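Have the model up beside them as you read.

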Amino acid sequence: MTDNYNAYLNTTEIPGTGSGILKGIRVSIKDNISTKDIETTCASKILKGYIPPYDAHVITLLKAAGATIAGKTNMDEFGMGSTTENSAFGPALNPRDLTRVTGGSSGGSAAAVSAGLVPMALGSDTGGSIRCPAAWCGIVGLKPSYGRVSRFGLIAYANSFEQIGPMAANVRDAAKLFSVIAGHDKKDSTSVSRPYDGNVVADIKGKIIGIPKEYFAEGVDKDVAASVREAIGKLEELGAKTTEISLPSMKYALPAYYVTCTCEASSNLDRFDGVRYGPGPETNLPWHEAYTKVREAGFGPEVKRRILLGTFALSAGYYGKYYVKAQHAKQLIAKDFARALKTCDLLAGPTMPNVAPKIGELTVDPLLMYQTDILTVPVNIAGIPAISVPCKTAHGLPVGLQLMGRMFGEESLLNAALAFEEAV
Amino acid sequence: MVKESEVLHIAELADIGISSPELGKFTEQFNSIIEYFDILDTLEITESLERPLVNVFREDEITPCLSQEDALKNSHAPEDGYIRAPKVI
């Protein structure tokens with residue numbers, strides 16, 4: 001396999017053990033998902049050389065279904081980023097335009113599928129990390145409902161938001177991969193018993209689609225908006241009814257997301273001190289000093305920034321101002337979605353506010369990078385599922401139509417996405 | 001406005017070393033990000049937080065787990081079945 005996109009951190013061809021529906025199908029894995037005996041780094045220097053002694057639950061399921069584990073894919077370090085430029089091993093390149101980013105953080109998985117190196121891949125989505133690169137590389141990506149896929153063996157960054165999900169060249173393949181990974185796992189206490197039968201059928205007729213006006217607000221590229229409006233028009237032609245709605249609390253979504261995820265990161269990444277895995281601290285130094293040196297050398301700038309922001313937001317005097325307020329904002333946002341999805345079957349809008357930027361364009365300012373997540377983080381906050389499916393290009397580059405659904409309503413999302421895909 | 005000395009204190013709490021050039025840059029970025037977070041302060045709390053989560057308990061049964069050898073495989077310098085760590089005292 002020739003990788004011209006820096007999509008892979010490690011290439012493997014490990015055949016599955018079972019003979020299920022993925023028999024002989026090559027599936028690539030984001031490098032924050034633990035794979036027994038295969039190096040798993042989260043694209044971080046602090047985990048260079050780490051060989052997990054066990055498989056993530058999703059990997060056990062893939063192997064049993066017959067899938068070949070075809071390599072570990074590049075990503076933003078620990079999933080922290082929206083372009084895959086925060087990888088310690090260099091950015092992944094967008095197969096649709098090599099001067100542009102793939103999106104992130106599951107950029108290597110998206111590039112591998114987009115370039116046709118594999119038909120499907122696993123990503124993980126904390127605030128858009130499956131849907132963003134799917135949109136910018138022109139593939140399908142599904143963020144499942146929180147709890148539908150086991151997180152056992154997913155190296156945690158912000159565990160109250162993240163889900164593992166399928167990325168594929170088309171809706172049928174995404175549905176097939178999702179049917180293998182969905183279901184209960186007692187090793188993840190947030191896991192629920194909602195398996196998916198993989199029976200995807202084009203179905204959109206008579207559905208009511210809410211169009212949140214906030215998804216077409218200032219900051220969304222005009223050509224991207226036009227492409228998505230045209231896609232929604234296509235859904236209407238197929239028999240869907242549309243209605244404009246509002247999610248008034250969305251203005252709090254991005255700060256609520258970044259406060260919560262940085263707080264969780266500051267705690268989750270505490271374990272990386274080099275002792276049990278990683279480069280090893282200088283054992284003759286006092287422990288604060290030894291860990292400080294390991295973490296300074298091992299973490300990249302964005303990871304340090306997020307750990308520091310989280311430590312700050314949780315520190316005495318600031319906890320009430322940031323973390324507590326963020327939890328209230330999350331509740332308001334979740335209620336906005338619940339209200340909208342009482343009357344609507346689905347919500348639709350763009351996945352990303354723009355097309356894939358040039359390499360280096362967003363890394364100049366972290367806040368600028370955070371703001372590109374404005375249309376993807378709300379569903380992670382609400383815990384609901386969302387899918388990005390390619391629609392008409394803008395500026396010659398891929399655009400994603402984002403469909404958002406009711407909690408555990410992946411069936412409707414996949415069926416609607418298939419109806420759209422077959423019609424265009 | 002967060003000062004460089006506060007960022008340095010936070011870095012000490014988080015056991016992350018940062019260099020002098022990094023400190024100035026981080027402080028500047030910190031302030032613009034925190035300013036953006038301040039919209040949360042305009043949020044009026046009118047209802048209490050709902051906590052829909054319940055504990056998931058299981059029987060405390062002995063099941064297969066990692067061997068000592070596997071558990072130590074990735075540690076920097078294991079010795080006699082133990083992990084070697086920096087001195088605490």
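**Entry 1: Glu39(A)**

I looked up who sits around Glu39(A): leaving aside its neighbours within four places in sequence, Glu39(A) is in contact with Asn10(A), Gly49(A), Tyr50(A) and Ile51(A). I call two residues in contact if their C-beta atoms, placed from the backbone, lie within 7 Å. The C-alpha atoms of Glu39(A) and Ile51(A) are 4.5 Å from each other, with the two residues 12 apart along the chain. I found Glu39(A) in the loop between strand S2 (26–30) and helix H1 (57–64) of chain A. Helices (H or I, at least four residues) and strands (E, at least two) are DSSP runs, numbered from the N terminus.

Why is Glu39(A) partly exposed? Glu39(A) counts as such because it has 16 C-beta neighbours inside 10 Å. A residue is buried with 20 or more other C-beta atoms within 10 Å of its own, exposed with 12 or fewer, and partly exposed in between.

**Entry 2: housekeeping**

I note that this is a predicted model: local features need pLDDT of at least 70 and side-chain atom pairs pLDDT 80 or more, while totals for chains, interfaces and linings use all residues. Residues are numbered from 1 along each chain as its sequence is written, and chains are lettered from A and ligands numbered from 1 in the order in which they are written.

**Entry 3: where the chains meet**

I find 49 residues of chain A in contact with 39 residues of chain B. On the chain A side, helices H6 (253–268), H7, H8 (301–314), H9 (320–343) and H10 (366–371) each give two or more residues.

I then checked H7 (residues 287–298) of chain A: its 12 residues reach 16 Å from first C-alpha to last, close to the 16 Å expected at 1.5 Å a residue. That expected span is 1.5 Å times one less than the number of residues. Among the buried residues of H7(A) I list Tyr291(A), Val294(A) and Arg295(A).

**Entry 4: chain B**

How many helices does chain B have? I count 3 helices and 0 strands, in the pattern α-α-α along the sequence. The radius of gyration of chain B is 23 Å, well over the 12 Å that the globule rule gives for 89 residues, so chain B is more spread out than a compact globule. The radius is taken over C-alpha atoms, and the rule is 2.2 Å times the number of residues to the power 0.38. I get a C-alpha trace spanning about 50 × 45 × 25 Å along its principal axes. Buried residues make up 13% of the 89 in chain B.
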